[in-house]
Amino acid sequence: MSTPALVEAEITIAADDFSALEQRVVRAVELVRSERAARTQAEENAIALELRLEEQSATLAQAQEQLASLEREREQVRQRVERLLKQLDEITS
């Protein structure tokens with residue numbers, strides 16, 4: 001048979017165990033909330049970076065097209081200058 005002191009000690013131990021378990025559950029819940037918030041923030045950052053990358057890719061494509069156009073124009077100018085120099089050489093010869 002249990003004596004009242006023994007029953008009281010078991011209840012105290014059970015209450016302490018329950019309190020420790022409750023604290024662990026609270027910490028676990030806080031950790032899950034914190035991780036979810038971090039995940040949400042990371043997803044938002046990823047979306048923002050993807051949008052920025054798309055914008056920069058479009059800007060890069062435009063700059064590449066412009067560069068190609070300028071290179072073609074430079075080549076045409078070079079050819080014209082060479083023709084003019086050739087004509088000048090013919091005149092002076």
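Q: Is Arg39 buried, partly exposed or exposed, and what is its relative accessible area?

A: Arg39 is exposed, because its relative accessible area is 58%. This is a predicted model, in which local features need pLDDT of at least 70 and side-chain atom pairs count only at pLDDT 80 or more, while totals for chains, interfaces and linings use all residues. Residues are numbered from 1 along each chain as its sequence is written, and side-chain values use heavy atoms, with hydrogens and water left out.

Q: What percentage of the chain counts as buried?

A: Of the 93 residues, 0% count as buried. Accessible areas come from the Shrake-Rupley method with a 1.4 Å probe, and for residues only the protein chains shown count as cover.

Q: How many helices and strands are there in the chain?

A: Helices (H or I, at least four residues) and strands (E, at least two) are DSSP runs, numbered from the N terminus. Here the chain has one helix and zero strands. Helix α1 covers residues 4-92, and Val77 lies in it.

Q: How many salt bridges does the rule count?

A: A salt bridge is a side-chain nitrogen of Lys or Arg within 4 Å of a carboxyl oxygen of Asp or Glu. The count comes to three. One of them joins Arg39 to Glu43, with the closest N and O atoms 3.2 Å apart. These two residues are four apart in helix α1, so about one helical turn separates them. Glu43 counts as partly exposed, at 40% relative accessibility.

Q: Which residues are linked in a network of salt bridges?

A: The network links Glu75, Arg78 and Glu82. Arg78 pairs with Glu75, the closest N and O atoms being 2.3 Å apart, and with Glu82 at 2.4 Å, N to O. Glu75 is three residues from Arg78 in helix α1, about one helical turn; Glu82 is four residues from Arg78 in that helix, also about one turn. Each is partly exposed: Arg78 at 36%, Glu75 at 27% and Glu82 at 44%.

Q: Which residues make the nonpolar surface patch?

A: Patches are made of residues with over 30% relative accessible area and no salt bridge; like charges are joined within 9 Å, and nonpolar side chains (Val, Leu, Ile, Met, Phe, Trp, Tyr) within 5 Å. In this chain Val77, Val81, Leu85, Leu88 and Ile91 make a nonpolar patch of about 470 Å². Val77 counts as partly exposed because its relative accessibility is 44%.

Conventions: Buried < 20%, exposed > 50% of the residue type's maximum accessible area, 1.4 Å probe, protein only.
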